[in-house]
Amino acid sequence: AATRLYALRARLGGLGGASALDEDLIVARIAAPDGYEMRRALVPALEEITGGALPRNWKL
């Protein structure tokens, strides 16, 4: 998890941040003015963490 920390921070941009509490544990926080902006930050962050694309219904 710690190896993905810097890439995750870059994906979150100015809407959030992330910290590594351990080699295998990252805590992320996101604050957005509305649901659309939250989703625009959350989907790429989840893709970065999982290392792949999310299911299509998560991107609607």
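**Salt bridges and overall fold**

Arg-11 is partly exposed, with a relative accessible area of 40%. The model in which this residue sits is a predicted one. Arg-11 lies in helix α1, which covers residues 5–12.

The side chain of Arg-11 forms a salt bridge with that of Glu-48. The N to O distance in this pair is 3.4 Å. Opposite charges on side chains can pair when the charged atoms come close.

Residues up to four places away in sequence being left out, Glu-48 touches Arg-4, Ala-7, Leu-8 and Arg-11. The C-alpha atoms of Glu-48 and Arg-9 are 9.9 Å apart in space. In sequence, Glu-48 and Arg-9 are 39 residues apart.

Ala-7, one of the residues touched by Glu-48, is located in helix α1. Its relative accessible area is 31%, so Ala-7 is partly exposed. Ala-7 and Ala-45 are separated by 38 residues along the chain. Their C-alpha atoms lie 8.8 Å apart.

The search of the whole structure returned 2 salt bridges. Besides the pair of Glu-48 and Arg-11, a bridge forms between the side chains of Glu-37 and Arg-40. Here the N to O distance is 3.8 Å. Glu-37 and Arg-40 both belong to helix α2 and are 3 residues apart, which means a separation of about one helical turn. Glu-37 is partly exposed because its relative accessibility is 25%.

Helix α2 also contains Val-43. Val-43 counts as buried, at 15% relative accessibility. The C-alpha atoms of Val-43 and Leu-54 are separated by 7.7 Å. Along the chain, Val-43 and Leu-54 are 11 residues apart.

At the level of the whole chain, the model holds 2 helices and 2 strands. Read from the N terminus, the order is α-β-β-α. The radius of gyration is 11 Å. This agrees with the value near 10 Å that a compact globule of 60 residues would have. Along the principal axes, the C-alpha atoms fill a box of roughly 30 × 25 × 15 Å.

Buried residues account for 18% of the 60 residues. The accessible surface of the chain is about 4300 Å². Carbon and sulfur atoms contribute 55% of that surface. Of the contacts between residues at least 6 apart in sequence, 24% join residues at least 24 apart.

The chain carries 8 positive and 7 negative charges.

How values were computed
Residues numbered from 1 in each chain as written. Predicted model: local features only at pLDDT ≥ 70, side-chain atom pairs only at ≥ 80, totals over all residues. Heavy atoms only, no water. Helix = DSSP H or I, 4+ residues; strand = E, 2+ residues; numbered from the N terminus. Rg over C-alpha atoms; globule rule 2.2 N^0.38 Å. Buried < 20%, exposed > 50% of the residue type's maximum accessible area, 1.4 Å probe, protein only. Contact = heavy atoms within 4.5 Å. Areas by Shrake-Rupley, 256 points an atom, 1.4 Å probe, with all protein chains shown as cover. Lys, Arg positive; Asp, Glu negative; His and termini not counted. Charge placed at Lys NZ, Arg CZ, Asp CG, Glu CD. Salt bridge = Lys/Arg side-chain N within 4 Å of Asp/Glu carboxyl O.
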